[in-house]
Amino acid sequence: DGEEIRAKAAALLPPGIAKKLKVVVSASHNHHGPDTAFVVNHGWYEHMTDRAAAVVAAAVRNRRPARLQVAAGEHWFGMNDGTDPQIFDPRLNVLQALDTRGRVIATAVQWNNHPEATLGWEPPLEEIIDDCPRLGLSGSNCNAEGRYFTSDFVGVLREDLHARYGGEVVFLNGALGVLIGPGGAEV
């Protein structure tokens, strides 16, 4: 995936910049989207790699001087590990880039937790009932199974940080072990 994204991004940039381009891919998953690893939806895969390449190219074109600020702490919400021995790493790290006027360009948050807080969640039927006739569904076929997308707690984090500070927001998972996630937390 990384090489495909890098090649597509390089094609969108001038050759002198493209040959210097290094794309780092931080992979995660959230159980709530099309599969890009096993049962690949090729249409979705092309869309995803095209969008990622466009974002890389835009970031290169829009780069500007910045100063960085960092913060670190611990966040234990929902820490849950089903292994023995249990291993938790609650460190939460933040890197923020500010432009020369002090406005936020981007915020990166790194935390060791698995986006699965909404695993198994389905919206109430009354929220999707109007969509069923449009989709040709009725009766027991009118359900939410496979018909919703969620970015899980990562999406809420992104929305909150963007509303507070502006700029782009990215979440990077850290070492997760076997299964360290908010699956045992009340959400």
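Colleague: Where does Thr 49 lie in this predicted model?

Modeller: Thr 49 lies in helix H3, and the model we are looking at is a predicted one.

Colleague: What makes Thr 49 count as buried?

Modeller: The relative accessibility of Thr 49 is 0%, and buried means under 20%, so Thr 49 counts as buried.

Colleague: Which residues does Thr 49 touch, not counting residues up to four places away in sequence?

Modeller: Thr 49 touches Glu 4, Ile 5 and Lys 8, where contact means heavy atoms within 4.5 Å.

Colleague: Why are H1 and H3 called oblique to each other?

Modeller: The axes of H1 (residues 2-11) and H3 (residues 42-61) come within 8 Å and cross at roughly 55°. Angles under 35 degrees count as roughly parallel and those from 65 to 115 as roughly perpendicular, and H1 and H3 are therefore oblique to each other.

Colleague: Which residues in H1 and H3 meet?

Modeller: From H1 come Glu 4, Ile 5, Lys 8 and Ala 9, and they meet Tyr 45, Glu 46, Thr 49, Asp 50, Ala 52, Ala 53, Val 56 and Ala 57 in H3. Sorted by class, this contact of H1 with H3 has seven nonpolar, one polar and four charged residues.

Colleague: Which residues of H1 are buried, and what do they pack against?

Modeller: Ile 5, Lys 8, Ala 9 and Ala 10 are buried in H1, and the buried residues of H1 pack against helix H2 (15-18) and H3.

Colleague: What makes up the largest nonpolar core?

Modeller: That core has ten residues in all, namely Ile 5, Ala 9, Ala 10, Leu 13, Ala 18, Leu 21, Ala 53, Val 56, Ala 57 and Val 60. The elements that give two or more residues to this core are H1 and H3, and H3 gives the most, with four residues. For Ala 57, leaving aside its neighbours within four places in sequence, the contacts are Ala 9, Leu 12 and Leu 13. There is also a second, separate core of seven residues, which includes Met 79, Trp 111, Val 154 and Leu 161.

Colleague: How do you know whether Ala 27 is buried or exposed?

Modeller: The relative accessibility of Ala 27 is 66%, and exposed means over 50%, so Ala 27 counts as exposed. Ala 27 has its place in the loop between H2 and H3, and its C-alpha atom is separated by 9.8 Å from that of Asp 1, although the two are 26 residues apart along the chain.

Definitions and conventions: Residues numbered from 1 in each chain as written. Predicted model: local features only at pLDDT ≥ 70, side-chain atom pairs only at ≥ 80, totals over all residues. Heavy atoms only, no water. Axes fitted to C-alpha atoms, helices over the stretch in contact; angles between N-to-C directions. Parallel < 35°, antiparallel > 145°, perpendicular 65-115°, else oblique. Nonpolar A, V, L, I, M, F, W, Y, C, P; charged D, E, K, R; others polar. Buried < 20%, exposed > 50% of the residue type's maximum accessible area, 1.4 Å probe, protein only. Core = buried A, V, L, I, M, F, W, Y, C linked by side-chain atoms within 4.5 Å.
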